[in-house]
Every structure is written in structure tokens, then in C-alpha cells.
Amino acid sequence: MDVLAHFFLPRSTNNYRAKLLHHQVLLSFVIILLAGSFVFAQVKRNYPQVLGITTNITSEQLISITNEKRKENGLLPLSLNSSLSTAAESKAQDMFAKDYWAHISPTGTTPWVFIKGAGYNYVYAGENLAKGFSNAQEAVDAWMASPDHRENELSQNYQDVGFAVKTGKLNGEDTVLIVEEFGGKALAQASKSSGIQPASSPPAVPTVEASSLKPFINSVLLSSNIYTALLGMFIVVLALDMIVVEKHKIVRIAGHNIDHILFFTTILLAGMILIKGVVL
């Protein structure tokens, strides 16, 4: 207990400032984090089966949640279509291969090319994209929160949907990519969803759900947990330090704990916002 108190609470043994807040300890933390980042990167590159990105999101979860939203809005459910899933898989692979985050590829390839190429003869078609989400509920909720994506989710023009959930590196970062392709073969009330008349195309091929090789440790989750734990620890220590100093009327020349707490809290909140998924 004395050791813990020495590190976390101001007392005579640490010159009335938690040892964890001493410059030498903070410098050691920085050195350890830099060294850890290097080791982290090497393990990810050389041992992807140990440290990498993984996901438990499935097409079944995505369509179940999507149809719940449609039911809440008085709409018929969508059917999971293998051809649209193949199209979504092809789109996801193309995005990773060409490293882009957009509906249209750098070479000008539109989503409709993938849908037609999978053999789905549509009258209406649409696409939703998402990346960086940890579960299916968050992804669908994000689509529903965006007017354009919500329109696709709740469109009466669509009867079918296909999904692909892939992990890989996009724009320099490891991420979970979700592609949702919508299709409708029957005429319905026109909407803003893009659609063009189909052309003949080859039959669909089986689709693959995510990656078959899942690493032992999820690198994104591990990084996020370490980041949150370290910043949270310093915020708690600064708060305890401030409380003890005030309670015992300890006089110190330096001490701006409130400023430091606000600084670390801002960084923590900013990081939590940045690591949240985005939709397109």
C-alpha cells in the first residue's frame, strides 16, 4: 500500500507530489510508449496472426438490425441476396486494393459496375459504406443518423440487400470496412437513390464474409484500451493530487492540476471521437 500511495498520492516520501507526476517518471513513460509503438508495429507486420484487426460483425446481424429499423417505419423487410453480397465483396476488395474511401473509385468505377458484374439485374440500386465500427448496431445507427444513408435504409424501392465485412488497411490505417449494396427489381415510387438499367452480366460467385484468419489480439481495440487507460490514469492521479493538496493545505510552488486535467480530458475526448466509425 505504501508503494501505491507513493506513486499515486502526494506525501513526504515523494516531495508532496505523486511520483507518477514527476518529470523523470513521465519521461520514462514517453520512452516506454515510443519503444512499445515500435515493437507493436513490428509484431503487426511480421506476426499478423498474433496482432492485427478483427471483427465479429456479420451480414446476419446487419440485415437483422436493418429490418428492425424498416419494421419500425412500417416497411417490408429486405432479403439477403447472394449476388448483392458478391458485389459488396468486390467493392470492398477494390477499395482496399486501390486504397480509396469513396463510392466511385479513382479509376471512375461506380458501385453499379460491381452490382451488374455480380449478375444482379436491377431497376433501382444504392450503396452505403461504413468503416471503423466495432459492432453492427453502431454501424446501422450511424447510417440511420445520416439523412442520405437513412433514405437508402428505408427506401421502398429496394427488396434486396447484400453486405461485405472486410478487415484491412485503408488510407494508412487498419480498419473494418462494411459495404452495403441495395437492389430492387420491381418498379416503385422514385427516390433519390441512383439506378440505371441493367445489362447482361456473368453469374454471381460465392461471397466471403470477412477474413478467415483472425489474429489472436485485436490491434485497434488494444491501442484504444491502452490510450484510454493511460490518459484516464493520469486524470485520476491529477484529481487525487489536487484533492489531497487542498485538504491538507500543502504549499507547492508549481501546481496547475486543473489545467492538466482539462488538457488530458480534452485529449481523451478527442481520441474517443477520432476512433469512432464513419459512414459514406
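Residues are called buried when their relative accessible area is under 20%, exposed when it is over 50%, and partly exposed in between, with a 1.4 Å probe and protein chains only. The views below show a predicted model, in which local features need pLDDT of at least 70 and side-chain atom pairs count only at pLDDT 80 or more, whereas totals for chains, interfaces and linings use all residues. Residues are numbered from 1 along each chain as its sequence is written, and side-chain values use heavy atoms, with hydrogens and water left out.

View 1. Helices (H or I, at least four residues) and strands (E, at least two) are DSSP runs numbered from the N terminus. Strand β3 is mostly covered, eight of its eight residues being buried. Y124, G126, N128 and A130 point one way from β3, while A125, E127, L129 and K131 point the other way, and all are buried.

View 2. Two strands are taken to pair if DSSP finds at least two bridges between them. Five strands form an open sheet of mixed pairing, in the order β2-β4-β5-β3-β7. The edge strands, each of which pairs on one side only, are β2 (79–80) and β7 (278–279). In general, strands of a sheet pair through backbone hydrogen bonds, either parallel or antiparallel.

**View 3. Partners of β3 within the sheet.** Strands β3 and β5 run antiparallel and are joined by eight bridges; in this pairing N128 stands opposite E180 of β5, and A130 stands opposite I178 of β5. Strands β3 and β7 also run antiparallel, joined by two bridges, and the bridge partner of A130 in β7 is V279. Strand β5 is mostly covered, with 11 of its 12 residues buried.

View 4. Strand β4 (residues 160–170) pairs with strand β5 (residues 173–184) in the antiparallel sense over 11 bridges. Along this pairing A164 stands opposite V179 of β5, and G168 stands opposite T175 of β5. The two strands form a hairpin with two residues between them. N171, in the loop between β4 and β5, has a positive phi of about 55° although it is not a glycine. This residue counts as partly exposed because its relative accessibility is 42%.

View 5. Contact here means heavy atoms within 4.5 Å, and axes are lines fitted to C-alpha atoms, for helices over the stretch in contact, with angles running from 0 to 180 degrees between N-to-C directions. The loop between α4 and α5 (111–117) holds D99, whose phi is near 55°, a positive value in a residue other than glycine. D99 counts as partly exposed because its relative accessibility is 39%.

**View 6. The largest nonpolar core.** A nonpolar core is a set of buried Ala, Val, Leu, Ile, Met, Phe, Trp, Tyr and Cys residues joined through side-chain atoms within 4.5 Å. In soluble globular proteins, nonpolar side chains tend to be buried together. The largest nonpolar core has 23 residues, of which I57, L62, V140, V161 and I178 touch the most other members. At least two residues of this core come from each of α3 (59–72), β3, α6 (136–145), β4 and β5, and α6 gives the most, with five residues. Apart from this core lies another, of 11 residues, among them A92, W101, A164 and L170.

View 7. When residues up to four places away in sequence are not counted, V140 touches L62, I65, T66, K69 and E153. M144, placed in helix α6, counts as buried because its relative accessibility is 12%. Leaving aside neighbours within four places in sequence, M144 is in contact with K69, R150, E153 and L154. M144 and K69 are 75 residues apart along the chain, and their C-alpha atoms are separated by 8.5 Å.
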